[in-house]
Amino acid sequence: MSTLTIEKLTVGYGDGAPVLDGLELEVPDGAVVALLGANGAGKTTLLRSLMGLVPARDGRVLLDGADLTDLSTEDRVRRGLGLVPEGRSVVVELTVAENLRLGALWKKGRKNKGPAREAAVGQMYELFEPLARRRDAAGHTLSGGERQMLALARALVGEPDVLLLDEPSLGLAPLVVAQLLGVLRDQAAATGLTVLLAEQNVTGALSVADRGVVLSLGEVVADRPAAELAADPALRHAYLGF
Amino acid sequence: MSAHDLKTRLRTRDLRTGPKTRGTKLLLRAGLLTVLALGATFLLDPYRNYQLATSAGVFAAVAGLTLLVGLTGQLSLGHAVLMAAGGYGYALTATWVAGTLAGADGEVADGVVGWLLPLLAGVAGALVTAGVLGLLLGLAAARLRGPYLAGLTLALVIALPSVASTIPALSGAQGVSAPFVPVPDALSALIAVEQWHAWLAILVTACAVTPLVALRSGRAGLRMRAVHDDETASRLAGVDPGRVKTGAFVISSLAAGLGGVVLAIVTQQVSPGAYGLGFSLLLVVAAVVGGLGSLGGAAIGAVLVTVLPWVVDQATAGLPADLSHRLQGNLEIVLFGVVVIVVTILWPGGLSRLLQTTKFFRNTKLFQNTER
Amino acid sequence: MERLVFLLSTGLARGAVLALFALSLVIVYRAARAVNFAQAAMAIVPVYVAFAVTAASGSYWFGLASALVVGALLGAVVERWLLRLVPQDNPLPGIIVAIGLVMVLQAGLAIAFGPDHRPVHAPFSQRPFEIAGVGVLSPYDLFVLVVAAVVMGALAILFNRTTIGLQLRAAAFAPETSRLLGVRVPRMVTLGWMLSIATAALAALLLVPTGLGLDPHAADVLFVNAFAAAVIGGLDSPVGALVAGLVVGVLASLVTGYASAATAPLAVLALLTVVLLVRPHGLFAAREARTA
């Protein structure tokens with residue numbers, strides 16, 4: 001649906017050396033790209049900066065050619081960019097249904113009105129059956145897997161054009177991870193959603209991605225088709241540690 | 001600061017400068033300042049001496065408050081009540097002792113004993129009442145975070161008139177009177193009563209503030225800063241945050257209580273109306289304007305809140321009666337409010353930070369500021 | 001017995017005002033994670049406006065409406081142009097700025113309108129109805145109860161049933177996550193302040209005819225009692241504020257009736273102290289407060 005273009009992006013905290021230095025990356029329309037790299041490679045910083053949560057020192061972020069650089073986080077969301085942040089970002093004081101409705105408020109820049117919103121939420125219940133059973137439960141009563149499921153559902157219900165995910169598999173059981181990644185792949189295939197998936201779980205991420213990008217110390221050091229990356233022992237050794 | 005850092009600093013603190021030399025130096029400096037202040041009273045007319053005495057009392061309370069807020073981060077909106085506790089303690093004890101002395105002789109005792117014994121007993125009484133109230137509040141404060149403590153102390157200020165009218169000894173809104181301390185015969189040819197009261201005020205205030213200076217630069221001050229910065233880290237370094245907070249509150253209350261003693265000596269009167277919400281907030285204003293944590297700043301703040309209302313009254317006296325009636329007692333409050341807001345937002349170090357940046361005061365420890 | 005019934009029923013009416021004011025503290029606490037110590041002063045400014053409007057137009061209802069509007073505006077102005085400038089990393093500067101604001105507003109009112117009490121007439125009679133010879137509520141008490149119930153019901157619907165309310169709650173609990181879902185969090189904080197001050201202004205407006213009259217400090221004791229109620233109920237809990245507000249109101253009324261008016265503040269202080277020492281986060285708080 002949309003192409004995300006990152007041009008010469010430089011991001012740093014305080015006066016320190018930049019975490020990302022002149023990063024260039026393009027995530028084409030409908031692609032599923034895995035963003036790989038060790039701890040401290042700059043994955044989270046990149047995703048947060050794309051959302052405008054961390055200010056960029058230099059460079060541009062384009063969505064289908066439109067410059068997002070000066071927009072606030074809220075406005076980027078309304079333009080069709082979405083992020084499932086690290087850690088289970090469920091609003092624990094709200095119920096499952098309320099979390100989903102919150103995610104469904106904005107849909108491609110338009111306010112999502114009553115029936116359409118409820119229909120979108122209903123679709124998510126079909127996609128994530130466990131959530132339907134617990135729709136009136138408060139967020140803090142959910143298990144870790146349910147929370148991540150809810151975070152993903154809440155991002156999908158707003159039908160973003162480009163979805164960024166930060167370590168969705170962190171701390172979850174392998175079976176749950178497989179299920180989540182499966183849903184993600186199916187959704188991407190069905191709707192043409194563009195995905196940038198930051199993961200330390202390399203095998204999992206590459207199994208659903210078309211392409212893998214390896215980040216090291218704030219720079220892109222490898223950009224290959226997923227299958228090729230998974231099969232290259234030298235690269236795996238050098239940057240992914242196995 | 002990390003737990004390890006703190007441990008090392010707590011251990012090595014006294015090795016660098018021995019406690020003895022530090023103590024002597026401090027006492028010398030305190031003595032010098034006190035003598036200077038006493039000397040200054042000769043330059044002032046009676047009314048100015050009266051203002052000086054009042055400022056000194058306010059200074060004692062503000063010094064206690066600024067230490068509490070600046071070093072431990074606990075905001076008390078009720079320091080006026082602690083002053084009142086000291087004032088009541090002083091007035092009741094001093095009156096009782098004076099009465100007992102008079103009873104024994106069958107006539108009013110005179111000479112030095114006649115005023116000195118009641119005065120000393122009164123100060124002791126004030127320390128007990130303010131200390132006990134401070135301990136109770138401190139025990140509560142140790143368990144409460146900022147807004148809760150501020151709210152509790154605020155409720156206490158609002159309840160003061162009720163307390164005064166519920167306890168018969170405090171005589172309700174009318175308040176109790178404190179014995180008049182006459183000028184000793186030896187001095188009566190030399191100084192007027194206002195100057196004498198200013199002397200007493202300076203001496204009592206010196207007794208209240210000097211321990212605070214020692215505390216601030218010593219181990220206890222380090223502990224308070226540590227607890228303020230990071231309770232967990234200080235706990236790991238063997239510092240009990242609850243105890244430090246309670247202790248700080250008690251010490252601050254004792255200083256405020258002595259401030260109450262000064263005001264009771266000067267006005268010979270303690271009533272709940274004098275220690276209301278407005279006055280309590282003025283104490284906070286003085287501490288903030290002077291720079292939280294700075295004792296020198298507290299002195300400036302105390303003078304400011306005592307003298308500015310008078311200046312404003314003087315300035316508005318020439319205006320039409322209706323207007324000056326409206327401005328009286330209000331214009332300075334508006335000014336104080338604006339200053340507090342501006343200082344907090346633009347200039348968090350207060351006046352003491354400004355003075356530190358000028359060359360003359362740069363080496364004066366008195367204006368050191370603990371808010372970072 | 002008759003006395004008890006009378007005290008209980010008046011206590012309920014006073015408690016409704018208290019609950020309303022406590023609710024305004026909860027709303028602002030939820031929006032800004034801070035206790036607003038300037039709530040009393042900010043609530044009394046719109047009451048002065050209402051007084052002036054009622055005097056000019058002859059209509060109590062115009063006055064009431066103008067109090068709500070001015071309260072909301074004042075909330076927005078203070079939040080946007082003052083509190084946004086205050087460092088947020090610890091609660092102390094916010095409290096101190098609020099104290100400064102109290103001084104400016106209250107002394108400013110005293111300068112503008114004179115420091116004396118102004119008598120304010122209630123729109124309905126304050127003489128109690130008699131049921132079987134027992135004095136119960138006055139028509140004005142009844143009016144207060146109805147208004148408080150309507151406003152609380154409206155606020156409950158707003159917060160729990162509308163998308164604005166959903167965004168208000170989400171922004172209060174999890175600002176960053178909310179931004180990631182397209183919620184304009186700063187706007188929600190401003191809106192929270194507007195709702196809070198308008199509610200507080202209404203409570204103060206309802207209170208004034210039952211007290212000594214209108215003066216810049218008329219809402220001070222209301223604030224302290226409402227703070228106690230909000231803390232007892234748990235600063236985060238609207239239901240807690242409602243229940244605790246009624247309890248404190250009835251308690252104050254009983255103590256005033258059976259002991260003396262002067263003892264009531266002591267009873268409230270004692271209750272606040274006990275609750276703070278036993279359960280520092282209130283009786284109704286669902287979970288430990290997030291670090292404020």
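Trainee: At what angle do helix α12 and helix α13 of chain B pack?
Mentor: Keep in mind that this is a predicted model. Helix α12 (residues 277–290) and helix α13 (residues 295–316) of chain B pack at about 135 degrees, and their axes are 7 Å apart.

Trainee: And why are they called oblique?
Mentor: Angles over 145 degrees would count as roughly antiparallel and 65 to 115 as roughly perpendicular, so α12(B) and α13(B) are oblique to each other. Their crossing is right-handed.

Trainee: Which residues meet there?
Mentor: From α12(B), B:L282, B:V285, B:A286, B:A287, B:V289 and B:G290 meet a set in α13(B) that includes B:G297, B:I300 and B:L304. By class, this contact has 10 nonpolar, three polar and no charged residues.

Trainee: Switching to the neighbours: how many residues of chain B are in contact with chain C?
Mentor: 38 residues of chain B, in contact with 40 of chain C. α6(B) gives the most to chain B's side, with 15 residues. That side has 26 nonpolar, nine polar and three charged residues.

Trainee: Now chain A. What's the strand order in the open sheet of six?
Mentor: The order is β6-β9-β10-β3-β11-β12, with mixed pairing. β6 (81–84) and β12 (219–225) of chain A each have a single partner strand, so one side of each lacks a neighbour in the sheet. The twist averages 20 degrees from one strand to the next.

Trainee: Parallel or antiparallel for β3 and β11 of chain A?
Mentor: Parallel, over four bridges. A:L35 stands opposite A:V213 in β11(A).

Terms used. Residues are numbered from 1 along each chain as its sequence is written. Chains are lettered from A and ligands numbered from 1 in the order in which they are written. This is a predicted model: local features need pLDDT of at least 70, side-chain atom pairs count only at pLDDT 80 or more; totals for chains, interfaces and linings use all residues. Axes are lines fitted to C-alpha atoms, for helices over the stretch in contact, and angles run from 0 to 180 degrees between N-to-C directions. Helices (H or I, at least four residues) and strands (E, at least two) are DSSP runs, numbered from the N terminus. Angles under 35 degrees count as roughly parallel, over 145 as roughly antiparallel, 65 to 115 as roughly perpendicular and the rest as oblique. A crossing is left-handed if the near helix is turned anticlockwise from the far one by less than a right angle, and right-handed if clockwise. Two residues are in contact if their C-beta atoms, placed from the backbone, lie within 7 Å. Ala, Val, Leu, Ile, Met, Phe, Trp, Tyr, Cys and Pro count as nonpolar, Asp, Glu, Lys and Arg as charged, and the others, Gly among them, as polar. Two strands pair if DSSP finds at least two bridges between them.
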